[in-house]
Amino acid sequence: MIAGAAGALLCVTAGLSLGMAIREKWFARKQMLTQTQELLGRLRLLLSQERLGLCDLLTECAHGVPGGMAQRFLLAAENLRREPLLSLPEAYRAAEQLTRLPGEGAAEREALRRLFGELSIGTAAMREAAAAGCLRRLKPAAEEAERRCSTGGRLCVQLGLLAGIMAGIILW
């Protein structure tokens with residue numbers, strides 16, 4: 001009987017932990033997308049001023065912004081400073097290899113790679129248009145992540161707890 005109660009308690013704890021882990025994964029994705037949008041908004045504003053080189057532009061965008069995406073921008077700028085023969089897309093990919101972001105999907109990775117490819121060519125107006133296009137491509141994912149977190153975060157924890165209780169009852 002004691003083993004059954006302990007097993008049931010462990011099942012409840014495991015179910016609750018699973019629900020919370022899934023919720024945290026969703027919130028990490030939402031936070032990553034929010035930070036990315038903030039950085040891209042800064043990038044777009046700085047591009048409209050047409051005053052900074054690419055290294056300084058990336059550094060200025062990331063200045064004061066917490067999170068992995070800002071770190072990725074800083075690493076890309078550092079890669080460009082350290083190895084001036086690297087192209088911007090190569091510097092970004094090297095930074096991407098060093099900073100994995102929780103919740104980053106293939107669509108976001110591809111949109112940012114495309115942006116960094118477009119930032120390396122053209123006028124400031126074309127670069128600003130590329131940043132605006134990247135923001136538009138990321139907007140549906142950010143809205144979906146926001147909706148998922150606001151409606152499903154609590155539900156996910158509750159379902160995990162319920163599954164743990166059910167498994168505990170079966171085990172007991």
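What share of the 172 residues of the protein counts as buried? The figure is 37%, where buried means under 20% relative accessible area with a 1.4 Å probe, protein chains only. This is a predicted model: local features need pLDDT of at least 70, side-chain atom pairs count only at pLDDT 80 or more, and totals for chains, interfaces and linings use all residues. Residues are numbered from 1 along each chain as its sequence is written, and side-chain values use heavy atoms, without hydrogens or water.

Start with the fold. The protein has 6 helices and 0 strands. Helices (H or I, at least four residues) and strands (E, at least two) are DSSP runs, numbered from the N terminus. Along the sequence the pattern reads α-α-α-α-α-α. The radius of gyration, taken over C-alpha atoms, is 21 Å, well over the 16 Å of the globule rule for 172 residues, so the protein is more spread out than a compact globule. That rule is 2.2 Å times the number of residues to the power 0.38. Along the principal axes, the C-alpha atoms fill a box of roughly 75 × 30 × 25 Å.

H4 (residues 88–98) and H5 (residues 106–119) pack at about 150°, with axes 8 Å apart. Axes are lines fitted to C-alpha atoms over the stretch in contact, and angles run from 0 to 180 degrees between N-to-C directions. H4 brings Leu88, Pro89, Tyr92, Arg93 and Glu96 to the contact (heavy atoms within 4.5 Å). H5 brings Arg109, Leu112, Arg113, Phe116, Gly117 and Leu119.

Contacts also reach along the chain. Of those with a separation of 6 or more, 68% join residues 24 or more positions apart.

How values were computed: Buried means under 20% relative accessible area, exposed over 50%, partly exposed in between (1.4 Å probe, protein chains only).
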